[in-house]
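Hi there,

Here is the structure I promised to pass on. Have a look at it first, and then read on for what turned up in it.

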Amino acid sequence: MSLQPESQPIILIAGATGFIGRPLTRALAEKGHALRCLSRADQASLPPGVQRVKADLLDPPSLEPALEGVDTAYYLVHSLDAGVSRFAERDRTAAINFSKAAENAGVRRVIFLSGLGEPSEHLSAHLQSRHEVADILRQGAFATTVLRAAVILGAGGASFELIRFLVKTQPVIPDLKGLDTHCQPIALANALRYLTGCLDEEKTAGQSFDIGGPEVLTYRQMLEGFARVANDINLFLPVPFFSSRLTAWLLGVLSPVRADTALALLHGLGNEVICRENRIRGLIRQKLIPYEEAIRLALQITPARP
Ligand SMILES: NC(=O)c1ccc[n+]([C@@H]2O[C@H](COP(=O)([O-])OP(=O)(O)OC[C@H]3O[C@@H](n4cnc5c(N)ncnc54)[C@H](OP(=O)(O)O)[C@@H]3O)[C@@H](O)[C@H]2O)c1
């Protein structure tokens, strides 16, 4: 670990190698924060000057040095790759271990990016697990901020890559149950602004906020909008033998997303994931990026000049 100026509070990013963690690390490094990135990997490419610490949330002794001296920790971790029967238990254990280690280290704040969806509805195992992790972190002796998001639109995100794969490679999309469920996706840039903004806005400490883009869309509209931007044409056909499990298996074989992750996400198709309140918009102001513009940004498509 390289030494960092003692006067600056240390910000830990657990999940720094992930889809959200990587750009968040870059954004916070550009703002000059003293950063420490936690990963199980032996190597991780990080911006210059950022500390790296090898630790596993399932291995409590490795967490003590990782959390030493930390003021605020981002928690951007999930275990979907462990498989549908195991991820919830792993995520529970990881959150409990992290919470204990953070308490012992005297961490002041934790910022967790969780999932939308109402606990009163019959939530998928993935969304239930996200809510459980939020509850575990809220019980810690530190101020936990929970940001609840639906699909985050950016290249490399698991849900985004599933949409991209279906639109770009499948002329016929199985008309899965759940395509007419509502979702409020958010552009990666907007989600990152909320995440970095929570650090500067102390009023977000100890609070939970729903974060979403400017539109509520069905998954079918999201696929259609993606196809418009990417200039693809897809047909939605009822294909009765296409179960979520078979679709997930195909996605795991053919797309960059692992089958376990795809299956857990497909199970969530039946759950509405829309913001129930917008308090965050009054605290962290920004222009919310419309869905199709977010897709263009993710695909790096420059609009034609008028
Ligand atoms: N992607 C979305 O559309 C979306 C939407 C809503 C909410 N979220 C939330 O955003 C957060 C980040 O998601 P993501 O999409 O960035 O996930 P991701 O790309 O799959 O990254 C997951 C991260 O978790 C870390 N991790 C997993 N198990 C670990 C363990 N045992 N110990 C230490 N680190 C561990 C991995 O680090 P190493 O492998 O390097 O150890 C990796 O950096 C999650 O809380 C997720 O629920 C994401």
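This is a predicted model: local features need pLDDT of at least 70, side-chain atom pairs count only at pLDDT 80 or more; totals for chains, interfaces and linings use all residues.

Helix α1 passes α6 in a right-handed crossing. By class, the contact of α1 with α6 has eight nonpolar residues, one polar and no charged.

Just after α1 you will come to Gly32, which takes a positive phi of about 85°.

Now for α6. This helix has 13 residues and reaches 19 Å from its first C-alpha to its last, close to the 18 Å expected at 1.5 Å a residue. Ten of the 13 residues are buried, so α6 is largely enclosed by the rest of the structure. The buried residues are Leu188, Asn190, Ala191, Leu192, Tyr194, Leu195, Thr196, Gly197, Cys198 and Leu199.

Where does Ala189 touch the rest of the chain, leaving aside residues up to four places away in sequence? Ala189 lies in helix α6 and is partly exposed, with a relative accessible area of 44%. Its contacts, with that exclusion, are Gln286 and Ile289. Ala189 and Gly154 are 35 residues apart in sequence, yet their C-alpha atoms are 8.3 Å apart in space.

The other helix pair to look at is α3 and α4. Their axes are 9 Å apart and pack at an angle of about 15°, and α3 and α4 are therefore roughly parallel to each other. Their crossing is right-handed. From α3, the contact takes in Phe87, Ala88, Asp91, Arg92, Ala95, Ile96, Phe98 and Ser99. These meet Ala125, His126, Ser129, Arg130, Glu132, Val133, Ile136 and Leu137 in α4. Sorted by class, the contact of α3 with α4 holds nine nonpolar, three polar and four charged residues.

As for α4 (residues 125-138), it has 14 residues and reaches 20 Å from its first C-alpha to its last, close to the 20 Å expected at 1.5 Å a residue. Buried in α4 are His126, Leu127, Ser129, Arg130, His131, Val133, Ala134, Ile136 and Leu137. What do the buried residues of α4 pack against? The strands are β4 (70-75), β5 (109-115) and β6 (143-149), and the helices are α3 (87-105) and α9 (259-267).

One last residue for you to check. Most residues other than glycine have a negative phi. Asn231 has a positive phi of about 60° although it is not a glycine. You will find Asn231 in the loop between α7 (219-230) and β13 (235-237), where it is exposed, with a relative accessible area of 72%.

Happy browsing, and do write back with any questions.

Best wishes

Methods
Residues are numbered from 1 along each chain as its sequence is written. Side-chain values use heavy atoms; hydrogens and water are left out. Helices (H or I, at least four residues) and strands (E, at least two) are DSSP runs, numbered from the N terminus. The expected span of a helix is 1.5 Å times one less than its number of residues. Buried means under 20% relative accessible area, exposed over 50%, partly exposed in between (1.4 Å probe, protein chains only). Contact means heavy atoms within 4.5 Å. A crossing is left-handed if the near helix is turned anticlockwise from the far one by less than a right angle, and right-handed if clockwise. Ala, Val, Leu, Ile, Met, Phe, Trp, Tyr, Cys and Pro count as nonpolar, Asp, Glu, Lys and Arg as charged, and the others, Gly among them, as polar. Axes are lines fitted to C-alpha atoms, for helices over the stretch in contact, and angles run from 0 to 180 degrees between N-to-C directions. Angles under 35 degrees count as roughly parallel, over 145 as roughly antiparallel, 65 to 115 as roughly perpendicular and the rest as oblique.
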